Amino acid sequence: QVQLVESGGGLVQAGGSLRLSCAASGSIFSINAWGWYRQAPGKQRELVATITDANTPNYADSVKGRFTISRDNAKNTVYLQMNSLKPDDTAAYYCNARRVVLRNIVINEYWGQGTQVTVSS
């Protein structure tokens, strides 16, 4: 069992920055992939960024060059640094942790409760 707690959301003007944190606890030794997703009202949850055990990041095209995902293993925490924020970035942001085998088969997956990011124009 893995527990994830997000923090760092808030209200910011367009062009501003926020850093989201995802603190993990429990059986995190089983996790080999981490990610951030977001969901705006009336829309489906979408991938924002992922990072593997090898620290290889991947980003949605809409945030590439503006967002950075990183890990601090000593603190069991995953971060999402968000710069040059736009009103379209407004959403609830969720931390995701999973164990993947055979390259693409998810055998365990966990979600945090989310943190709200609101970007005003």
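## Contacts of Tyr93

In this predicted model, Tyr93, once its neighbours within four places in sequence are set aside, is in contact with Glu6, Leu20, Trp36, Tyr37, Arg38, Val48, Phe67, Leu80, Met82, Gly114, Thr115 and Val117.

## The nonpolar core

Tyr93 also belongs to the largest nonpolar core, a set of 30 residues in which the members with the most contacts inside the core are Leu4, Trp36, Leu80, Met82 and Tyr93. At least two residues of this core come from each of strand S1 (2-7), strand S3 (18-26), strand S4 (33-39), strand S5 (46-52), strand S7 (67-72), strand S8 (77-82), S9 and strand S11 (115-120).

## The disulfide

The structure holds one disulfide, which is formed by Cys22 and Cys95, with their sulfur atoms 2.0 Å apart. Because Cys22 lies in strand S3 and Cys95 in strand S9, the pair ties together parts that are 73 residues apart in sequence. The torsion about the S-S bond of Cys22 and Cys95 is about -85°, and the disulfide is therefore left-handed. Both Cys22 and Cys95 are buried.

## Val101 in strand S9

Strand S9 spans residues 91-101 and includes Val101. With a relative accessible area of 26%, Val101 is classed as partly exposed, because that class covers values between the 20% limit for buried and the 50% limit for exposed residues. The C-alpha atom of Val101 is separated by 9.0 Å from that of Asn32, although the two residues are 69 residues apart along the chain.

Definitions and conventions
Residues are numbered from 1 along each chain as its sequence is written. This is a predicted model: local features need pLDDT of at least 70, side-chain atom pairs count only at pLDDT 80 or more; totals for chains, interfaces and linings use all residues. Side-chain values use heavy atoms; hydrogens and water are left out. Helices (H or I, at least four residues) and strands (E, at least two) are DSSP runs, numbered from the N terminus. Buried means under 20% relative accessible area, exposed over 50%, partly exposed in between (1.4 Å probe, protein chains only). A nonpolar core is a set of buried Ala, Val, Leu, Ile, Met, Phe, Trp, Tyr and Cys residues joined through side-chain atoms within 4.5 Å. Contact means heavy atoms within 4.5 Å. A disulfide is a pair of cysteine sulfur atoms within 2.5 Å.
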